[in-house]
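Hi,

Here is the structure I promised to pass on. Have a look at it first, and then read my notes below.

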Amino acid sequence: MLRMIPTSLIPDEDTGNVFVEITTPAGSTLEQTKKTVLKVSQAIEGIDEIESVASIAGWSILGGDGSNTGLLIIKLKHWDERPGDDHEIEAVIEQIEARVDSIKTGTMFTYALPTVTGYGFTSGIELNVQNFEGESIDKVKQVADKFAKALEEREEIGTVYSAYNINYPQYTVSVNASVCKRYGVEPAAVLSTLNGYIGSNYASQFNAFGRLYHVMLQADPELRADKDDLNNIFITGEDKVFIPLTELVTLKKSYGVQSLNRFNLFTSIGVEVEQESGYSSGDAIKAIEETARKTLPQGYGYEFTGTTREEVSSSDNTVFVFVIVLVFIYLVLCSLYESLLIPLAVQLSVPFGLVGCCIFALFFELENNIYMQVGIIMIIELLSKTAILLTEYASACRLLSLAHHWRTGRIWLRCRKRRYADRTADPCLRLAHHARLCPGKAEGRPEESQG
């Protein structure tokens, strides 16, 4: 019956904070992202349960750094100021999603923090689609998108979100090795110079005010804002002649990723999943496992992270732990009662209590989470305690009954001996019998016989 109850690890609780992840199209400038963040902030201003809103442009929890990412941190009012189910965090998230749905300049993903801080970023299901054969990131993205689209078709799944994008406009830099050789310049020196000005290079370090500071070499932002700024970057040739980098490199427009993600050393793409209302996280996990078996091709897999990983690993060990506990309790009871059968009377009372717990959970539509498991352990403890007391009482009554029968048997034997003696014709045997059983009467009988 436990398999009929929806499962989860820790139920979602009202933490008082809501986050809105904002992603604008790849290649959007920071100013465009700020405008979208401002639109989202203005759209949720009229919600009564919100106390304050903080906005960030250029960074988000799931998307990381980037000019097209943003984040809203929403603090809700105190729980006493918003009583009732209509004012809890789930209802607030639904209101936010309804208000920002009309904003088409970006993609929004609303979520709450997990109940246990440190186990992931969201209260939903976090997983990573992995490639084990080293294929290109474009191929991995296609497989991940197909997998996400298949998940959206499942009734157990509510929202599927991934901030990973491979269509960021970029420039591919090609170093002309023949031209570099003609000028006496190493291609590695060209790439190092380009990285130092456009990116950054570590130069030195120094101590000041009791702290250690690093010196990084980098051009000013206004001097590396456009590809034409490469004309102002020079490298020293073989004859101490300054050569512009544009003579040695060729730029080509392309599209690519901002960063490569790896999970367990494999190329991966993160996917966030929220279960549909009315379904537990265990139902959503089963749907993900079934969809992965049908959708993911050979050489691909997935791994759960956060609280979902703990839920999957703990559910696999539950039956094993219960079996070990039952065996251990049986051995302890065997040593207590010095019997192999009496402990079974104690342990056979436990399943009836578990059946009652399961019926109660199914009737009230509860989830089999950590709170219910702790409650089941308490029920088992109380049932075992009651069964032990009843067994002790039954054992004591059994010993008293045996003692009573033993004493009754002795009296019965005495009566049989006395009746036998009364029936004996020899007065000496009768006198000896009475003298042994009734000393007082035996003393008077000889006097009567003498008289």
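Helix 1 covers residues 30-43, and its 14 residues reach 20 Å from first C-alpha to last, close to the 20 Å expected at 1.5 Å a residue. The expected span here is 1.5 Å times one less than the number of residues. Helices (H or I, at least four residues) and strands (E, at least two) are DSSP runs, numbered from the N terminus. Keep in mind that this is a predicted model: local features need pLDDT of at least 70, side-chain atom pairs count only at pLDDT 80 or more, and totals for chains, interfaces and linings use all residues. Residues are numbered from 1 along each chain as its sequence is written, and side-chain values use heavy atoms, with hydrogens and water left out.

Which residues of helix 1 are buried? They are Thr33, Thr36, Val37, Val40 and Ser41. They sit on the same side of helix 1, because they cover an arc of only 140° around the axis. Buried means under 20% relative accessible area, exposed over 50%, and partly exposed in between (1.4 Å probe, protein chains only). The arc is that of the directions from the helix axis to the C-beta atoms. An α-helix has 3.6 residues a turn, so residues three or four places apart point the same way. As for partners, the buried residues of helix 1 pack against strand 1 (17-23), strand 2 (50-60), strand 3 (64-76), helix 2 (89-100) and strand 4 (107-112). Contact means heavy atoms within 4.5 Å.

Helix 5 (residues 187-198) can be read in a similar way. Its twelve residues should span 16 Å at 1.5 Å a residue, and the end C-alpha atoms are 16 Å apart, which agrees. Val190, Thr193, Leu194 and Gly196 are the buried residues of helix 5. Down the axis of helix 5 they fall within an arc of 160°, so they line one face of the helix. Among the elements covering them are strand 7 (168-175), helix 4 (177-183), strand 8, strand 9, strand 10 (234-236) and strand 12 (249-256).

Next, helix 6. Its 15 residues should span 21 Å at 1.5 Å a residue, and the 20 Å between its end C-alpha atoms agrees with that. The buried residues of helix 6 are Ser281, Gly282, Ala284, Ile285, Ala287, Ile288, Thr291, Ala292 and Thr295.

How do helix 3 and helix 6 cross? The axes of helix 3 (residues 137-152) and helix 6 (residues 281-295) come within 10 Å and cross at roughly 130°. Axes are lines fitted to C-alpha atoms, for helices over the stretch in contact, and angles run from 0 to 180 degrees between N-to-C directions. Helix 3 and helix 6 are therefore oblique to each other. The cut-offs are under 35 degrees for roughly parallel, over 145 for roughly antiparallel, 65 to 115 for roughly perpendicular, and the rest for oblique. At the meeting point, Lys146, Phe147, Ala150 and Leu151 in helix 3 meet Ala287, Ile288, Thr291, Ala292 and Thr295 in helix 6.

Ile269 lies in strand 14 (residues 266-275) and counts as buried because its relative accessibility is 1%. Its C-alpha atom is separated by 5.3 Å from that of Val129, 140 residues apart along the chain. Leaving out residues up to four places away in sequence, Ile269 touches Leu127, Asn128, Val129, Ile137, Val140, Lys141, Ala144, Ser162 and Tyr164.

Phe209, in the loop between strand 8 (201-208) and strand 9 (211-217), has a positive phi near 55° without being a glycine. At 80% relative accessibility, Phe209 counts as exposed. Asn264 also is not a glycine and has a positive phi of about 55°. Asn264 is in the loop between strand 13 (262-263) and strand 14, and at 46% relative accessibility Asn264 counts as partly exposed.

Finally, the overall numbers. The protein chain has twelve helices and 15 strands, and 32% of its 451 residues count as buried. Among contacts between residues at least 6 apart in sequence, 70% join residues at least 24 apart.

Cheers
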